[in-house]
Amino acid sequence: MRQLLNGNEAAAHAARLARVEVLASYPITPAAPVMEKITQFIAEGSLKCNFVRVESDHSALAAALGATMAGARSFLITNSQGLAYMSEVLYHVSGLRQPVVMAVVNRALAAPHSRFPEHGDVVAQEACGWVQLFCENNQEVLDSLLQAFRLGEDERVRLPVMVNYEGYIQSHTRETVDLPEQEAVANFLPLVRRPVLDVNNPLAVNTVTGPELYIDYKYQQDAALQRAGEVLQEVSTAYAGLTGRDWGGPVTGYRLEDAAIVLVAMGSLVSTARIAVDALRAVGEKAGLLKVRLFRPFPAAAVRESLRAAEAVVALDKNIVYGAGGALARELRAGLYGLATMPVYSYILGLGGRDVGVEDLTSIYRQVREQLGAGTTPAPYQWYGL
């Protein structure tokens, strides 16, 4: 059934279709409407779910962790400073291998205070051990959340998953979204309980772990996160069989066959970059696009294979790692290490909601083409649109 939904409404419908059993939430802009929509489903009787009202985002994640350890399917939403406030518990959830799913409605971090989108909030949590997916439109928000539950609950993974979409650009903008039938989703995503806690058999969890075991725990956790990329490909293929929509696995290429200069982006920039590539191709430029859907674990092998024939790569980062540049550019340079003729041009743009249009991306492309022709060594990173 097709409906006109904004990103927050698409996320709420995904939670309904996934039959989440616990929603723990503290209101934060612009994610709060997801909570409002889900509580509407609960009130109407279309979703049987326990809504846990808490006093902070930190408590929200702690409640979701406890519910998941008791065997429930848990969901929550947040962004920006709320995600930063969760930081301590993020590591508990991943270290305890609990498949909590969280929608992150990306918003700039203060200071200065901002209500507008960028990826700095989730990039700041890149080392916390969660799978991190990015969405380019509202259909992908719904589809990725449904896939996130299956990915996180897969026995080869058993890890939490963040699904990212951008505040206002996606959270408050309506697009046509195709909702799969509840029965079909139930077949794709059966509810299988894996409780850790049992009131009839009390046990201690997260006890002090000595040097003789700690590193082994961390090895197993990292190995599970690495497997998530392979499992995501399987999950995406299975979901395509269900709905006909295939978002690819970790990365998706567009017009890469003979591309000389390839734009690489995540999130809403992908749709804009796709239009920019078409505009450049229309005037004879050999432009291409690589969409990075999975940021953690970073799919270095898939990126390397996709970009092997390119002459140059342009990383478009809606984040800044202060003193180091864009997180996507850093990952690309590491992943492409050894391809000596492959310069990576890094642009920081769109922070705090600064608009980035097709003309901006075609302008960046032409700047890179000129620098490439002149044999200029790429700067570590440069800011665009100041």
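Which residues of helix 10 are buried?

Modeller: The model is predicted, so local features need pLDDT of at least 70 and side-chain atom pairs count only at pLDDT 80 or more, whereas totals for chains, interfaces and linings use all residues. Residues are numbered from 1 along each chain as its sequence is written, and side-chain values use heavy atoms, without hydrogens or water.

In helix 10, the buried residues are L269, V270, T272, A273, A276, V277, L280 and R281; buried means under 20% relative accessible area with a 1.4 Å probe, protein chains only. Helices are DSSP runs of H or I with at least four residues, strands are runs of E with at least two, and both are numbered from the N terminus. An α-helix has 3.6 residues a turn, so residues three or four places apart point the same way.

Helix 10 comprises 14 residues, 269–282, and spans 20 Å between its first and last C-alpha, close to the 20 Å expected, where the expected span is 1.5 Å times one less than the number of residues. Its buried residues pack (contact: heavy atoms within 4.5 Å) against strand 9 (251–254), strand 10 (261–265), strand 11 (287–292), strand 13 (312–317) and helix 13 (358–373). Just after helix 10, G284 adopts a positive phi of about 95°.

For another buried position, consider S94 in helix 5 (residues 87–95), which counts as buried because its relative accessibility is 1%. Leaving aside neighbours within four places in sequence, S94 contacts C128, G129, W130, L159, P160 and Q221.

How values were computed. Buried means under 20% relative accessible area, exposed over 50%, partly exposed in between (1.4 Å probe, protein chains only).
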